[in-house]
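Work through these exercises with the model open beside you. Try each task before you read its solution.

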Amino acid sequence: MQNSRLTFVSFTVKWCPYSRRLQDSFYEASELYKQKYPDRKTIWGNVKCEEQKELEEKYKIYKYPTLKVFFFGYLMTEYRGSRSAEELMEYVERMENTANLVKLNEVESLTQWQMHVVPQKGTLILWFPRGSPPFELILKAIALIHDRLTVVVPIATNLLEHEEHKLWFSLDGEHVQTFDGSITNFEEIAEWIKQKSLGMVRELTFENMEEFAEDGTPMLILLRKKDDNDSETNFKINPFMTDGSILKAVLRHYNKEIDDLPFLIIDQFVHSYLSPWNGDEIFANGNIKKVNQFYLKPVEILSLQFVADLFNEAHHRKYHKKLDDLMKKITDEIEKIEKESELEEKTTKDPGTVGKQESVFKQLKPAKTRYSFAKEEL
């Protein structure tokens, strides 16, 4: 796998009908691919999870079938699209093309890298001659987390003959950090890029939310209006920004409307917590605000209390205190009603009339105010 640019693996079990159905289209797609590209080293693999429990646990396979993509032996992503042979083959074709994975923003001079800075994304400046061994190796490492980075490279005609070759990373579009490791060590490069981009604020969509939810890491989510491009704040713990209009069920859950956006929540997949701030209060000093210091992580929260309360269980305790208070209120009310009922029974109870109740059937007797068998016309 380490010698193959791309490995496409299905994780299946015999007893699952969906696994059996996938196998037919998966093998068909692999044969079609080999016929079309006989010289490519792409691997199409299958793991029989009943026999390979170690691999099942290593790659956290919780459902069958699961399809995962590996890039030079490194896990890149999970495939969640159509399972037809045609779609599977087209997907692998797209993934084989690095240009489809990593958009390269070209500049003539290193001084121009800030032209391509994108809010909420880290910027990686790959200042090596295009096509050189270090350039291609670093590009492979970038491909592993291609969706989190803006990549700036020199134009193809600039061979950097009189310039120092650099690999830079910037969080804020102003300050840079330099890679000081070995430019021939893929693992070292990949780990450095991964660490620098950990926790980058990402857009939460229907296409990717299943993957993040499956990861199980608590999520800090800012629901905002579709045209709100000014909420470029920085968070911690799997931070996301999402168009609130596509998650209307979440708005309803919190009794919110579109006009109430933005608002901030932490979702723990057990409980969900709403921040105490509304609208612009979210971004005020002392709550959450932009990070300008280059040495901080892109998702750093300057006032950590809201997020810290998740880990010190304060949110959890408050949540259960509300439930406990509500249950106590209900219990107290029931006890009050029971006591009042007992008191009323004691004060109104008459030994001579015990067992004597008003008849309910007398309401069925003929009456002048309604049709009944007593009416002459009947």
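The exercises below concern a predicted model.

**Exercise 1. Locate the negative patch**

Task: Find which residues form the patch of negative charge, and which helix gives the most to it.

Solution. 
- Step 1. List the members. They are D24, E28, E86, E87 and E90.
- Step 2. Assign them to elements. Helices α1 (17-36) and α3 (85-96) each supply at least two residues.
- Step 3. Helix α3 gives the most, with 3 residues.
- Step 4. E28 lies in α1. Its relative accessibility is 41%, so E28 is partly exposed. A patch residue needs over 30%, and E28 at 41% passes.

**Exercise 2. Judge another glutamate of α3**

Task: Decide whether E96 is buried or exposed, and name its contacts beyond the neighbours within four places in sequence.

Solution. 
- Step 1. E96 lies in helix α3.
- Step 2. Apply the cut-off. Buried means under 20% relative accessible area. E96 has 15%, so E96 is buried.
- Step 3. List the partners. With those neighbours left aside, E96 is in contact with R5, L6, Y33, R40 and T42.

**Exercise 3. Trace the salt bridges**

Task: Explain which parts of the chain are tied together by the E93 and K36 pair and by the E106 and R130 pair.

Solution. 
- Step 1. Get the total. The structure holds 8 salt bridges.
- Step 2. Take the pair E93 and K36. Their side chains meet at 2.9 Å, N to O. E93 is in helix α3 and K36 in helix α1, so this bridge ties together parts 57 residues apart in sequence. K36 is partly exposed, at 47% relative accessibility.
- Step 3. Take the pair E106 and R130. Their closest N and O atoms are 2.8 Å apart. E106 sits in strand β5 (residues 104-107), and R130 in the loop between β6 (122-127) and α5 (133-143), so the pair ties together parts 24 residues apart in sequence. E106 is partly exposed, with 40% relative accessible area. R130 is partly exposed too, at 27%.
- Step 4. Salt bridges link K63, K68, E78 and R80.

**Exercise 4. Contrast two bridge partners**

Solution. 
- Step 1. Confirm the bridge. The closest N and O atoms of K166 and E164 are 3.3 Å apart.

**Exercise 5. Check the backbone**

Task: Find where P65 and P262 lie, and compare the accessibility of K60 and F72.

Solution. 
- Step 1. Start with P65. The peptide bond from Y64 to P65 is cis, with omega near -10°. P65 is in the loop between α2 (53-58) and β3 (66-71).
- Step 2. Go to P262. A cis bond joins L261 to P262, with omega about 0°. P262 is in the loop between α8 (248-253) and β13 (263-267).
- Step 3. Turn to phi at K60. The value is positive, about 55°, although K60 is not a glycine. K60 lies in the loop between α2 and β3. K60 is exposed, at 54% relative accessible area.
- Step 4. Do likewise for F72. Its phi is positive, about 50°, and F72 is not a glycine. F72 is in the loop between β3 and β4 (74-79). F72 is buried, at 14%.

**Exercise 6. Find a nonpolar patch**

Task: Name the residues that make the nonpolar surface patch of about 370 Å².

Solution. 
- Step 1. List them. They are L326, M327, I330 and I334.
- Step 2. L326 lies in helix α10 (residues 314-348). L326 is partly exposed, with 48% relative accessible area.

Notes
Residues numbered from 1 in each chain as written. Predicted model: local features only at pLDDT ≥ 70, side-chain atom pairs only at ≥ 80, totals over all residues. Heavy atoms only, no water. Patch = residues over 30% accessible without salt bridge, like charges linked within 9 Å, V, L, I, M, F, W, Y side chains within 5 Å. Areas by Shrake-Rupley, 256 points an atom, 1.4 Å probe, with all protein chains shown as cover. Salt bridge = Lys/Arg side-chain N within 4 Å of Asp/Glu carboxyl O. Lys, Arg positive; Asp, Glu negative; His and termini not counted. Charge placed at Lys NZ, Arg CZ, Asp CG, Glu CD. Helix = DSSP H or I, 4+ residues; strand = E, 2+ residues; numbered from the N terminus. Buried < 20%, exposed > 50% of the residue type's maximum accessible area, 1.4 Å probe, protein only. Contact = heavy atoms within 4.5 Å.
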